[in-house]
Amino acid sequence: MKTVFINCSPKKKFSASAHFLGICRLAVYGDVVKTNVRSKGDYKKVLEHLKGADNTVFVLPLYVDGVPSHILGFMKELENFCRENNITLNIYVISNGGFIEGEQNQVLMKIFENFCARSGLTWCGGVGIGGGVMLNVMRMLFLVFTGILLLSVAISGIEHGEWLPQQSFIIYAKQLALILFLHAGVIAYVWKMGLAISKSNKFGIRYTRVMMPSFLFIIVADFFFTAISLFKGGMFRGWLSEK
Amino acid sequence: MRVIIHDLGKQYDGLLKNKCDCLIRADGRYAPCQGCFNCWTKHPARCFMGDSLQEVCRIVGRADELIIISENCYGSYGPNVKNIIDRSIGISKPLSTYRGRQMHHKLRYGMHKLIHVIAYGAITEDEKETFSLLAERNALNFGFENLQFTYIDNIDSLESCI
């Protein structure tokens, strides 16, 4: 069983799509290939990978309620490629939007369903994720928290000879628990879909989100963009004004 | 201001120019959105990529009436038109609010009057339904008070639609 994961994010590193791809990958067994489509130059490489594949998983960001433009172009290319080479694939999708409601991925799912119908491919379903950017930031925070823990262990060890500072580990465990809790819906659905992929089973469409109340999410998102705009200088260039 | 975005080819520019204040031809000679959010956080309403779409959100943002003419692509705009829409997110602000009982971004240019999406090309019933839903979502997202979705099976009937 060969499964090809296609990371459709235009970002080279630290994309939310790569994060969700990594989570799903843990639950998929068999021959697994990871590749990406960032531009037209990637088409040939990806299509080669799809020869002999059983399953294809598109992992992509939601762009203005739909599929990003560079992926629409790739889908047209893939349709022709599958027709010309009599290729049949099971198609799965993991999409993530910045807004908290996973249901905002609904149109994107329908577009992929239509694509499968036109291309003679098998639509197997997907997971639509809300709050993808925040979950990706949580991943980065996990690395930061781990760094802080290691630093505090080193300082405690060198200064006091205590190499297992209990308080630092308790704080770290709480931070880890919070990150896992916020990811709970994503982990449950994406792993479940990973198991379905391993068996080439249909999964259906599920929507999930960062595990946080919507009103609180908006406050956190506003704080995030305010901080980034302050750091990047947009706040001093007519941040919220008409241009 | 009335703005038309289309992917019909240069030969339609003459016809469409007479029908609007600003015409944007989706010729595909521009890069896709990189999702960096710099048009919100670094240089507001301006893309870091210096191509013909660098300030397209300022045009779309000022449109009272936006007409989008696009080929059907699985129930979506074609890639060239979708690229323009993707690169237009600067018409909103990075801060969030609720619209239509869902989270959306606040609008930089306020509410607009009408978005009219005209689809053409081979289309199935499912794709038509999806395209109509996509237009509805975009209207909500970009703050258009009214939405019109039209499918034309013959491009000759375009003039009567606009």
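Helices (H or I, at least four residues) and strands (E, at least two) are DSSP runs, numbered from the N terminus. The model is predicted: local features need pLDDT of at least 70, side-chain atom pairs count only at pLDDT 80 or more, and totals for chains, interfaces and linings use all residues. Residues are numbered from 1 along each chain as its sequence is written, chains are lettered from A and ligands numbered from 1 in the order in which they are written, and side-chain values use heavy atoms, with hydrogens and water left out.

**Exercise 1. Describe helix 3 of chain A, its cover and what follows it.**

Step 1. Helix 3 covers residues 69-84 of chain A, 16 residues in total. From first to last C-alpha, helix 3 reaches 23 Å, close to the expected 22 Å; the expected span is 1.5 Å times one less than the number of residues.

Step 2. Take buried as under 20% relative accessible area, exposed as over 50% and partly exposed as in between (1.4 Å probe, protein chains only). Among the buried residues of helix 3 of chain A are H70(A), F74(A), L78(A) and C82(A). An α-helix has 3.6 residues a turn, so residues three or four places apart point the same way.

Step 3. Contact means heavy atoms within 4.5 Å. The cover of these buried residues includes strand 1 (2-7), helix 2 (43-50), strand 3 (55-61) and helix 4 of chain A, together with helix 4 of chain B.

**Exercise 2. Classify the aromatic pair F115(A) and Y74(B), and locate both residues.**

Step 1. Rings of Phe, Tyr and Trp (its six-membered ring) pair if their centres lie within 6.5 Å; planes under 30 degrees apart count as stacked, over 60 as edge-to-face and the rest as tilted. This rule gives 11 aromatic pairs over all chains.

Step 2. The ring centres of F115(A) and Y74(B) are 5.2 Å apart and the planes stand at 80 degrees, so the pair is edge-to-face.

Step 3. F115(A) belongs to helix 4 (residues 106-119) of chain A, while Y74(B) sits in the loop between strand 3 (65-71) and helix 4 (79-86) of chain B, so the pair joins two chains. Both F115(A) and Y74(B) are buried.

Step 4. One aromatic cluster is formed by Y43(A), F58(A), F74(A), F112(A), F115(A) and Y74(B).

**Exercise 3. Characterise the fold pattern and dimensions of chain B.**

Step 1. Chain B has six helices and seven strands, in the sequence pattern β-α-β-α-α-β-α-β-β-β-α-β-α.

Step 2. The C-alpha trace of chain B spans about 45 × 35 × 25 Å along its principal axes.

Step 3. Of the 162 residues of chain B, 60% count as buried. Of the contacts in chain B with a separation of 6 or more, 64% come from residues 24 or more positions apart.
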